[in-house]
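Thanks for asking me to look this one over.

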Amino acid sequence: MDIRSIKAATLAAAALFTLNASAITDEPSEDNPPVSDEYSLPFNFAATQETFDQCINIDANGDKDPNDTMGYNNGIWSYVMAYDGAFKYTYSLSNDADDWLILPFVDFGDAENVVVSVDVRTESDPESFEIYLGKERTAEGMRVEVLKRSDFTNRASWETLTAEISLNNDVRETDNSGNKWCIGIHATSPANHFSLYVNNISIKGNAHAGIENITEEIGGEAKYYTLQGVRIAEPQNGQLVIMQSNGKAEKLIYTEE
């Protein structure tokens, strides 16, 4: 049996456990109403049919099969009960993936940096995806890259990916929405790969984390810390850091001299 036949057989079996997805659209509508749930930090979003229905599912390349009566959901995101529940992107035979799953808004409050984590796994083929933070629940509204993976493979178990994101004032205060953000998961795998699964999306934040934990020392060379107060030996150009020097601690963007 060739790989295509194996994929077809696997999809047929998976379809028996697939629940109906919400309408495919990039705008709230009568079939896909605006989410009324209000989330704040810490944010924990486990994959269930209920939480999937709170997401916006954007088929950006328009390759959803209109004649899909078996629930294969090729070329789009869906909720499945496999692996104890997951959000799943299923491959398109002929088109590269360009499909977004955008979660509800989360009020970050006073948080100036956040830690985002997500559990990910695949089937037989390597998959590609990226995760963004956005101020609008559209593909165009995704503005801050959280993480990006190409040729990711982990069939044996879930793998937790984590990224720390700093939100400076230029990013936060460009509209009147306050410090509210939504996560967008963008499937970008090549055509005729297989399946990408995600679950347990979480966001934790800090307002001025770490500053109060830095012991001030008079004199000596400047020392640099993350916003959590962890010492940085070699800060990167453009990195948001806390600098301690001459008895003062201040937050700034590091610039190489």
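**Notes on the fold**

1. Let's begin with the aromatics: Y39, F43, F45, F52 and F87 are linked into a cluster by ring pairs. Rings of Phe, Tyr and Trp (its six-membered ring) pair if their centres lie within 6.5 Å; planes under 30 degrees apart count as stacked, over 60 as edge-to-face and the rest as tilted. Before going on, a caveat: this is a predicted model, where local features need pLDDT of at least 70 and side-chain atom pairs count only at pLDDT 80 or more, while totals for chains, interfaces and linings use all residues. Residues are numbered from 1 along each chain as its sequence is written, and side-chain values use heavy atoms, with hydrogens and water left out.

2. How many aromatic pairs does the structure hold? There are 13. In one of them, the ring centres of F52 and F87 are 5.9 Å apart with the planes at 45 degrees, so this pair is tilted. F52 belongs to helix α2 (residues 49-52) and F87 to strand β5 (residues 86-90), so the pair ties together parts that are 35 residues apart in sequence. Helices (H or I, at least four residues) and strands (E, at least two) are DSSP runs, numbered from the N terminus. Both F52 and F87 are buried, where buried means under 20% relative accessible area, exposed over 50%, and partly exposed in between (1.4 Å probe, protein chains only).

3. Now look at F129 and F152, an edge-to-face pair with 5.9 Å centre to centre and 85 degrees between the planes. F129 sits in strand β9 (residues 127-134) and F152 in strand β10 (residues 142-152), so parts 23 residues apart in sequence are tied together. F129 and F152 are buried as well.

4. R121 is worth a click. It lies over the face of Y83, 3.7 Å from the ring centre, and its charged end also sits over the ring of W158, 5.5 Å from the centre. The rule here is NZ of Lys or CZ of Arg within 6 Å of the ring centre and within 35 degrees of the ring normal.

5. Which residues have the most contacts inside the largest nonpolar core? They are W77, F87, F108 and L133, in a core of 38 residues. A nonpolar core is a set of buried Ala, Val, Leu, Ile, Met, Phe, Trp, Tyr and Cys residues joined through side-chain atoms within 4.5 Å. Leaving out residues up to four places away in sequence, L133 touches residues including F108, V114, V144, I165 and W181; contact means heavy atoms within 4.5 Å. There is also a second, separate core of 7 residues, with I56, W100, I102 and M142 among them.

6. I185, in strand β12 (residues 180-187), is buried at a relative accessible area of 1%.

7. Some backbone spots to check. The L41 to P42 peptide bond is cis, with omega near -5 degrees, and P42 is in the loop between β1 (39-40) and β2 (43-45). D84, which is not a glycine, has a positive phi of about 65 degrees; D84 is in the loop between β4 (77-80) and β5 and is exposed at 79% relative accessible area. N192 has a positive phi too, near 60 degrees, and is partly exposed at 23% relative accessibility.

8. One sheet to trace: an open one of 4 strands in the order β15-β14-β16-β17, with antiparallel pairing. β15 (231-232) and β17 (248-253) stand at the edges with a single partner strand each, so one side of each has no neighbour in the sheet. Two strands pair if DSSP finds at least two bridges between them; β16 (residues 240-245) and β17 pair over 6 bridges.

9. Overall, the chain has 3 helices and 17 strands, and buried residues make up 46% of its 257 residues.
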